[in-house]
Amino acid sequence: MAISTPGVLYSVSTTTTLKGGQTKGMPMYKVVRTARLYEQIVQQIEQSIQEGKLKPGDQLPAERELAQEFGVSRTAVREAVKTLSEKGLVEAYSGRGTFVSTGKSQAIRHSLNSFLKSGDLEDSDYVAEMREILEPEFTALAATRIEEQHLVMMREAVAVMDRSMKNPDAYIEADLDFHLALAEAAGNPLILSLLDSLVGVLREQRLGIFSVTGGPERGQVHHKLILEAIEKRSASSARKAMRAHLQQVHQDSKVSAVMKNKSPKRQSS
């Protein structure tokens with residue numbers, strides 16, 4: 001089984017040695033058959049990590065592949081990955097896959113998630129301000145470092161958003177993929193970990209914007225301008241396009257907040 005991570009290819013042995021030095025392929029995992037399937041999946045993957053068969057930075061196979069290998073539904077695999085992530089053993093990135101945790105980035109994400117879930121701060125305003133400081137600069141950096149695989153991700157994300165103007169879930173996931181591809185293209189793992197730690201907050205923010213008249217359409221105009229600048233490898237144009245996009249997001253977020261506050265609240269019975 002090939003295990004990959006950006007810029008590196010790892011391989012995990014799935015063979016057994018026979019007499020005469022010959023090898024025979026065999027699956028890494030055993031088919032699971034009992035009630036709480038995801039717990040057995042967790043156990044097997046955790047054991048692979050402990051034994052060094054899976055190393056920090058290794059990418060797990062796709063959800064469909066794992067489901068076939070374990071002989072379970074994709075739902076069980078999804079629950080297992082969620083549990084492994086909560087235990088700090090893997091890191092699941094929207095649109096990129098699931099990787100064995102390096103420890104350092106997991107600590108960053110945990111700290112930020114705790115901060116954002118504290119409930120003591122106006123999270124959306126702080127997040128918007130941080131993005132306006134950070135994202136234009138790493139977008140400019142991405143313009144000078146981006147590789148074809150990241151451009152493919154960005155183009156696919158734009159295409160999905162184009163055809164998902166009436167489908168908030170699909171649009172929002174593609175929107176997140178677009179921004180995460182830029183963060184990955186910048187080539188700095190701290191930037192990627194920082195942005196990925198905000199995915200939950202960003203998803204909630206985008207859901208609000210989707211209810212604002214013209215919000216998704218305005219976002220798409222900016223996404224295409226950012227992509228155009230990145231394709232031209234123009235750092236200055238990319239920075240300018242991202243800054244304009246985040247200003248639009250901030251304005252639409254304020255409109256969304258007003259709409260939410262004005263919506264009628266349910267009467268308690």
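Let's start with helix α10, where Gly 215, Pro 216, Gly 219, Gln 220, His 222, His 223, Ile 226, Leu 227, Ala 229 and Ile 230 are buried (under 20% relative accessible area, with a 1.4 Å probe and protein chains only). The model is predicted, so local features need pLDDT of at least 70 and side-chain atom pairs pLDDT 80 or more, while totals for chains, interfaces and linings use all residues. Residues are numbered from 1 along each chain as its sequence is written, and side-chain values use heavy atoms, leaving out hydrogens and water.

Helix α10 covers residues 215-231; helices here are DSSP runs of H or I with at least four residues, numbered from the N terminus. From first C-alpha to last, the 17 residues of α10 reach 24 Å, close to the 24 Å expected (1.5 Å times one less than the number of residues). After α10 comes Arg 233, with a positive phi near 60°.

Now turn to helices α7 (residues 168-185) and α8 (residues 189-196), whose axes come within 8 Å and cross at roughly 160°. Axes are lines fitted to C-alpha atoms over the stretch in contact, with angles from 0 to 180 degrees between N-to-C directions. The two helices are therefore roughly antiparallel (over 145 degrees). His 179, Leu 180, Ala 183 and Glu 184 of α7 meet Ile 191, Leu 192, Leu 195 and Asp 196 of α8, contact being heavy atoms within 4.5 Å.

Helix α7 also holds Tyr 171, which pairs with Phe 210 in helix α9 (residues 199-210), so parts 39 residues apart in sequence are tied together. The ring centres are 5.4 Å apart and the planes lie at 65°, so the pair is edge-to-face (centres within 6.5 Å, planes over 60 degrees apart). Tyr 171 is buried at 4% relative accessibility, and Phe 210 is buried at 16%.

How values were computed
Buried < 20%, exposed > 50% of the residue type's maximum accessible area, 1.4 Å probe, protein only. Parallel < 35°, antiparallel > 145°, perpendicular 65-115°, else oblique. Phe/Tyr/Trp six-rings, centres within 6.5 Å; stacked < 30°, edge-to-face > 60°.
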